[in-house]
Each structure stands twice: as C-alpha cells, then as structure tokens.
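Trainee: Could you take me through one part of this model closely, with the criteria behind each term spelled out as you go?

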Amino acid sequence: MFSENKQTDCRPQKIDLQLPGGRFCSFSPCIEQSQRCCETLDTHKFVEIQTMEIIHMESIVKTRPIPTLELDFLKHKKEESAEGKPEEKPEGNSHKQRMRNIVTTTHPQTMPGHTGYLTFATLPPKLSL
C-alpha cells in the first residue's frame, strides 16, 4: 500500500503479507522512491534486496555487408622446400577477402522516453511469522 502526494512522493505505509515468507516486487518511476522502498524493506528484515533500472530502448536491426578474411590457409601446414626449410609466402595481402552479410543491431543516438526501477526482495520464512 502506497500513499501519494502531488510531488510523487510515494511512501510504503505497510507491507501486508499473508504467507510465511516470500518474494516482493515493486516498480518505482524514480530513483528516490526506489531508495525509500529499499530502506523500508531493510527495516522490515527483507534480504536479497536488488534494484534494477529498466529502460525502453529501441534496437535497430540491419543486415550489413562486412568484409571477412578467409583463414583457410591456417588449417594447412606450411610446405617444406627441398632443403627442409618452410617456404616463405610473398609479402603483402595475398589472402582472399570476401563480403558477408551480417545481421547487426544498433541503438539510436538519443534515448527518448523514461526510465523506471524494479525492486525485488525476499522475506525469509522464519522472519515472516
């Protein structure tokens, strides 16, 4: 049960539990409310109190051509010359490069929207009686 005033000052007034022990979850639109919730849960002997920020974020999925290097030459041993020395490969980029279409994700440069906070806690059975 929470009370609200005009400044969005939400404060837990009581925690009414019907079961011996259990999990608690709360959504808070602002960090200050989440902090007060954590303090109240701590005073009521809750443990494993965790808060995580949730944010609505758009993912932009695109298929992009990316240059890839063929590394098949690494699978084979170097050939030896008649003198028993490994043959030297010519200098430079003699390895094949090809383009592959890769699925990528990016996020917009700006983050429109609002964040929120989920708080989870556990009330051990021995303390809930």
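**A salt bridge and the sheet around it**

Mentor: Glu48 is exposed, and so is Arg23, where exposed means over 50% relative accessible area, buried under 20% and partly exposed in between, with a 1.4 Å probe and protein chains only. This is a predicted model, in which local features need pLDDT of at least 70 and side-chain atom pairs count only at pLDDT 80 or more, while totals for chains, interfaces and linings use all residues. Residues are numbered from 1 along each chain as its sequence is written, and side-chain values use heavy atoms, with hydrogens and water left out.

Glu48 forms a salt bridge with Arg23, their closest N and O atoms being 3.9 Å apart; the term requires a side-chain nitrogen of Lys or Arg within 4 Å of a carboxyl oxygen of Asp or Glu. Because Glu48 lies in strand β4 (residues 47-55) and Arg23 in strand β3 (residues 22-28), the pair ties together parts that are 25 residues apart in sequence. Strands (E, at least two residues) and helices (H or I, at least four) are DSSP runs, numbered from the N terminus.

Those two strands belong to an open sheet of 3 strands in the order β3-β7-β4, with antiparallel pairing, where two strands pair if DSSP finds at least two bridges between them. β3 and β4 stand at the edges with a single partner strand each, so one side of each is left without a neighbour in the sheet. For β4 and strand β7 (residues 115-123), the antiparallel pairing runs over 7 bridges, and Ile54 stands opposite Gly116 in β7.
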